[in-house]
Amino acid sequence: MADIRKRSVQEAVNLSVGGAWSVATVATHGGTSNTNTIHYALDENTTQIGVYSAVELYFNFSTTTTDVTIANDLIIPTSTLVFLTIPRGLGSTVYFNHLGKGSAGAVRIAEV
């Protein structure tokens with residue numbers, strides 16, 4: 001494992017030096033029906049996103065506003081800050097589709 005104590009804060013989270021943050025408006029989930037999926041269009045220059053969710057969060061990346069399929073998609077644990085690399089191999093238009101699992105809660109996304 002890399003010794004990150006020798007690196008700057010930006011290098012420790014794999015941000016380029018001088019990188020910029022773009023924080024999205026808070027999204028609030030209210031239910032787990034697939035039709036409650038929130039579709040967040042990522043800027044074509046975004047390489048990573050930071051996601052903090054107050055609820056467990058099902059998610060996927062796609063080139064369209066695809067509803068989350070609870071049985072097939074990944075989960076971000078509640079009250080966890082994670083950084084995800086955007087799968088740019090999908091193309092220039094990528095959506096981060098997400099759906100809260102369980103009770104209502106807020107989701108914060110920062111594009112890097």
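**Confidence**

What is the mean pLDDT of the protein chain, and what share of its residues reach 70 or more? I found a mean of 82, with 79% of the residues at 70 or more; pLDDT is the predictor's confidence in each residue, on a scale from 0 to 100. This is a predicted model, and local features need pLDDT of at least 70, side-chain atom pairs count only at pLDDT 80 or more, while totals for chains, interfaces and linings use all residues. Residues are numbered from 1 along each chain as its sequence is written, and side-chain values use heavy atoms, with hydrogens and water left out.

Where pLDDT is low, the predicted coordinates should not be read in detail.

**Overall layout**

I counted 1 helix and 9 strands in the protein chain. These are DSSP runs numbered from the N terminus, H or I of at least four residues for helices and E of at least two for strands. Along the sequence the pattern reads α-β-β-β-β-β-β-β-β-β.

Of the 112 residues in the protein chain, 36% are buried. Buried means under 20% relative accessible area, exposed means over 50%, and partly exposed is in between (1.4 Å probe, protein chains only). Among contacts with a separation of 6 or more, 79% are between residues 24 or more positions apart.

**Strand β5 and its partners**

Next I went to β5, where 6 of the 7 residues are buried. Which way do β5 and β8 run, and how many bridges join them? They run antiparallel, and 7 bridges join them; strands pair if DSSP finds at least two bridges between them. In this pairing Y58 stands opposite L99 in β8.

β5 also pairs with β6, again in the antiparallel sense, over 3 bridges. There I noted F59 opposite L74 in β6.

**A salt bridge**

Side chains of opposite charge can pair when their charged atoms come close. I found 1 salt bridge, using the rule of a Lys or Arg side-chain nitrogen within 4 Å of a carboxyl oxygen of Asp or Glu. K101 and E56 form it, with their closest N and O atoms 3.2 Å apart. K101 lies in β8 (residues 94-101) and E56 in β5 (residues 56-62), so the pair ties together parts that are 45 residues apart in sequence. K101 is partly exposed at 33% relative accessibility, and E56 is partly exposed at 30%.

**Aromatic rings**

The structure holds 3 aromatic pairs. Rings of Phe, Tyr and Trp (its six-membered ring) pair if their centres lie within 6.5 Å; planes under 30 degrees apart are stacked, over 60 edge-to-face, and the rest tilted. F59 and F61 make an edge-to-face pair, 6.1 Å centre to centre with 80° between the planes. F59 and F96 have ring centres 5.7 Å apart and planes at 40°, so I logged that pair as tilted. F59 sits in β5 and F96 in β8, so this pair links parts 37 residues apart in sequence. Both F59 and F96 are buried, F59 at 8% relative accessibility. F59, F61 and F96 form one aromatic cluster.

Is H98 buried or exposed? At 1% relative accessibility, H98 is buried, and its place is in strand β8. Beyond four places in sequence, H98 touches residues including A27, N36, L57, F59 and V107. The H98 side chain makes a polar contact of 2.7 Å with the side chain of H29. A polar contact is a pair of N or O atoms within 3.5 Å; within protein, one must be able to donate a hydrogen and the other to accept it, and residues adjacent in sequence count only if both atoms are side-chain atoms.

Then I checked Y40, in strand β3 (residues 38-42). Y40 is buried at 19% relative accessibility. Y40 and H98 are 58 residues apart in sequence, yet 8.0 Å apart C-alpha to C-alpha. A 2.6 Å polar contact joins the side chains of Y40 and E111.

Last entry: S79 is not a glycine, but has a positive phi of about 55°. S79 lies in the loop between β6 (74-76) and β7 (80-85), and is partly exposed at 49% relative accessibility.

Methods. Contact = heavy atoms within 4.5 Å.
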